[in-house]
Amino acid sequence: MLSIVAATTAYSGPAPVVRPAVQPSMVEKSASIPFLKKPPALDGSLPGDVGFDPLGFTTTITELGGDLTYAREAELMHGRQAMLATVGFVAPSLFGKLPVAWTQDVSTNPLEAQYQLPSEVLWQVVISIFIAEGLRAQIIFGGDESRAPGDHGFDPFGWAPKDAEALKVMKTKEVLNGRLAMIAVIGMYAQLKVTGSIWPLI
């Protein structure tokens, strides 16, 4: 009898279940891809950041000790170049070539035109790019920690809003249009390479 009483008093019920601190349903999801986890490096502080990084590039960069500031700088520069390239792909065919003598023998097809530029024009383009990239490198690697990515002090028309919230909206539009242009210029290049035209534009 004593042994039964002792066993009864010693029994305290089933062992408590240890639950994880964060439930699976509580994990923050990406705003752009809701079925994936939000990348930890993308906190929404950069304009245009909606948590889209399915391959984990931002996580790899930060884990290796890198900074997303340079990645955003590269994205902005490629986006700006792609926006200019998108216009340049179709402008000569839609609006005509420059009214100067050396353009007469240059094709309106941009893939052919790049090999038809006179040497003096080509070298002007190369030297101009070299100077522009050199100046940009001084700005990027100048050690100014307060400089926002892509901010090179170039605003000749004064279009940048003074209000911080309005400026963030404009920067978001620039990033989104730049991303669209990068995709567009690849598609235009492929279509022009395969079919010889960019329907229905040229």
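Mentor: Contact here means heavy atoms within 4.5 Å. The model is predicted, so local features need pLDDT of at least 70 and side-chain atom pairs pLDDT 80 or more, while totals for chains, interfaces and linings use all residues. Residues are numbered from 1 along each chain as its sequence is written, and side-chain values use heavy atoms, with hydrogens and water left out.

Trainee: Which residues does Gly-48 touch, not counting those up to four places away in sequence?

Mentor: Thr-172 and Arg-179. Gly-48 sits in the loop between α1 (2–10) and α2 (57–63).

Trainee: Why is Gly-48 called buried?

Mentor: Its relative accessible area is 10%. Buried means under 20%, exposed over 50%, partly exposed in between (1.4 Å probe, protein chains only). So Gly-48 counts as buried.

Trainee: What makes α3 oblique to α6?

Mentor: The axes of α3 (residues 68–95) and α6 (residues 164–195) cross at roughly 50° and come within 7 Å. Angles under 35 degrees count as roughly parallel, over 145 as roughly antiparallel, 65 to 115 as roughly perpendicular and the rest as oblique. The α3–α6 angle falls in the rest, so α3 is oblique to α6.

Trainee: Why is α3 called roughly antiparallel to α5?

Mentor: α3 and α5 (residues 119–140) pack at about 155°, with axes 13 Å apart. That angle is over 145, so α3 is roughly antiparallel to α5. Tyr-70, Glu-73, Met-77 and Gln-81 of α3 meet Glu-133, Arg-136 and Ile-140 of α5.

Technical notes:
Axes are lines fitted to C-alpha atoms, for helices over the stretch in contact, and angles run from 0 to 180 degrees between N-to-C directions. Helices (H or I, at least four residues) and strands (E, at least two) are DSSP runs, numbered from the N terminus.
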